[in-house]
Amino acid sequence: MAHGRNRLYFAIAFLVSAIPSLVATYLMAHEYTALSLILFITSLLCLVISIVMFLGYKTIKKGAPVVARTLSRTSKLLSPIARYLSDTYIIGPIISAIIRVSFFMWFCLLLSCDVVIRSVLRQFVGYHPTGKTYSIINAMNKNLDLFDDTIPRTSNLESGRKFRQRKRATNSKDNDLSDLLRRPRYSLPLAYTLGVSSRLAYEDVEVIKYELAKAGFDVENTFKPIAYKNICAFIAEKDDDILLVFRGTNPMNMANYMTNVNIHKAQVNSPYMGYMGKVHKGFWEAMGDPKMKRKSSAAAAVDPGVSSTVNIELSGTSVSRTIWTTIKAILQIIRFLTSSLSHHVRDPVDSRWLGENVDLRSQNLFVQAESWIMGLVNRDADSEDEGVVPDLKDTDSSSTDEHSSDLAKKSKRRSVDSPTTRQSTRHGRKRLFITGHSLGGALSTIFLAKMLQSNSELLQIFAGLYTYGHPKIADTDFAKTFSPRMSSKIFHHAYNNDIVTRVPSHDNYSSPPGTLVFIDSAFNITLYPPNPLTNEPVPIRPISFLHLSGLLNRHIIARLVSDSLVRIILRVVFPFFVNDHFPSDYCEALRKGKINWVIIGEGGISAGDETDVGTSMTPLKHKTTEPSSRRLNVLVGSSAKRNSWPVN
């Protein structure tokens, strides 16, 4: 069977590669020599790419277990030697210092390469209006507009009444399963806005401020860039909607990769919720500990470390006093220099985002974000108590979906997601949305989990968590910590064969909590709420290596016409499962895609295993070891053309 699939793969590859050669032969006969040569090279390139993809797939499939066993045996062999060296007083510290200095040098070298690469990309994409260069992530697509009025709304999903009607209209014998299905509080325009915000986090602070101001955010009074060691985020508010956006992995920051690969699990407990499951240690520790309510000392929220300042006192009252204070000052300077340099070498930090004068070690990211957001909430609450209502929103907080949408159309200013119903809280109309791409998505979920762990006041204004290309971060117990009501506001987007959404694939790592939003290569969007009985998230299907992907996929081929030169180069250089991780593809899919289905089941289903055939969902034939279970497919979109969709 495997040999048959291999022959089929190469037959298709040779057929596709032969097409440019046939055209080139025809043009050669008509003396179009230059164009014929280009087509011959294209044909050869297609053939080489198909062979490299096949060999890469076979190498990963067959070689991964061998490599894992070899590394395991090597680790067992070197462990006694490493323990012996670590106990020595001279050799061990010397080797440790050499490793740390090497890491620091590579860290600095890669940061320098980031500047060089940006300078090279500038020749292709130019400058941002602020005069800054675009980041490596966004150079392929410079569109950073946070709003797009052409994105249609799915009224059957955003309206509770219409969603109940769609459930009743579903031809299903499982009425119990239909009753258990909660309406996912999902908004496609909001998902696009937060997706672009996640892309924006990769840019310099000046670029972020420019784009937010252009979109109508109150940058002067609410914008706050924050960073802790090598993770970054920013906060901004528009019309009572507060965005907390985490930056993903900087391709040229080795410390980010060290955070990603620290996949050991840490057990998480809460004084309010008890056991919360086991979580990716690198992500959990990168955020820092929340300021627990039972701890009154501010020092509990500050991580220990080397002081960033030193005070020197000199006295010239006498000769002896002058000499003594000078010697003491010199010793202080030497001690400060050696300890600070040693600390920076052991734990290097990229300070370019906020500047060299900002302390990035003393206060963790959770405390910074929580303090600033609560300041925004309390500031407006104090203004209302004094009888002064800030000019932040024109709509009434108790309006319905339809009425709010009508006001949004009439108003020149709009909130991040104006048609969604506002919920009255003691904090007024504030809503908090958390988002991020890749590492930023993982940190977004960790931030929400730490809100639960510490019973943060931010839970009262939490309105949604939207992540993109989110890796696995914990076990199933962690996902069950989030209540069904909260899970209906959590959305994890996975685009086609994005490899990051499928790793780590061992040690009982589970999909992130909440609803999985799967997007295929045709930009069809399907929502998979968690299991209604256990609240376990739906897993994603494995990467489809035997289907036409990347530059062989007809949908991607059709989009090449509108792709930039940088995007086309990246499609050729990187494999398809890496290309599917770029945030620009997520945003394009949300801008041009359509939502058709909400699929719920008791287990045994994987996101992406269905194909849209007419008005029914047909499971693809694939091998599975899990027994079949009840499932419900609710049609919330329309099979008609996109422009004919109902818009609120």
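This report describes selected features of a predicted model, from its surface to its backbone.

## Basis of the model

Because the model is predicted, local features are given only where pLDDT is at least 70 and side-chain atom pairs count only at pLDDT 80 or more, while totals for chains, interfaces and linings use all residues. Residues are numbered from 1 along each chain as its sequence is written, and side-chain values use heavy atoms, with hydrogens and water left out.

Helices and strands are here DSSP runs numbered from the N terminus, a helix being H or I over at least four residues and a strand being E over at least two.

Pockets are found on a 1 Å grid over the protein atoms alone, as open sets of points with protein on both sides within 12 Å along at least five of seven lines, whereas a cavity is a set of points where a 1.4 Å probe fits but cannot get out.

The lining, made of residues with an atom within 4 Å of a point, has 35 residues, of which T249, Y257, S438, V500 and H581 lie nearest the centre of the pocket. At least two lining residues come from each of α3, α10 (254–261) and α19, and α3 supplies the largest share, 4 residues. By type, the lining divides into 26 nonpolar, 8 polar and 1 charged residues, where Ala, Val, Leu, Ile, Met, Phe, Trp, Tyr, Cys and Pro count as nonpolar, Asp, Glu, Lys and Arg as charged, and the others, Gly among them, as polar.

## Salt bridges

A salt bridge is counted when a side-chain nitrogen of Lys or Arg lies within 4 Å of a carboxyl oxygen of Asp or Glu, and by this rule there are 16 of them. In one, D148 pairs with R591, with the closest N and O atoms 3.8 Å apart. Since D148 lies in the loop between α3 and α4 (155–158) and R591 in helix α21 (residues 583–592), the pair ties together parts that are 443 residues apart in sequence. D148 counts as buried at 19% relative accessibility, and a network of salt bridges links D148, E588, R591 and K592.

E237 and K430 also meet in a salt bridge through their side chains, at 2.2 Å from N to O. E237 belongs to strand β2 (residues 231–238) and K430 to the loop between α14 (401–410) and β6 (431–437), so this pair ties together parts that are 193 residues apart in sequence. E237 is buried at 2% relative accessibility, and K430 is buried at 5%. Another salt bridge joins the side chains of D563 and R571 (3.0 Å, N to O), and R571 is buried with a relative accessible area of 10%.

## Backbone details

The peptide bond from V503 to P504 is cis, with omega near -5°, and P504 is placed in the loop between β8 (490–495) and β9 (515–519). D239, although not a glycine, has a positive phi of about 50°; D239 is found in the loop between β2 and β3 (241–246) and is buried, with a relative accessible area of 2%. N535 is likewise not a glycine but has a positive phi of about 65°, and this residue lies in the loop between β10 (524–528) and α18 (554–559), where N535 is buried at 11%.

Methods:
Buried means under 20% relative accessible area, exposed over 50%, partly exposed in between (1.4 Å probe, protein chains only).
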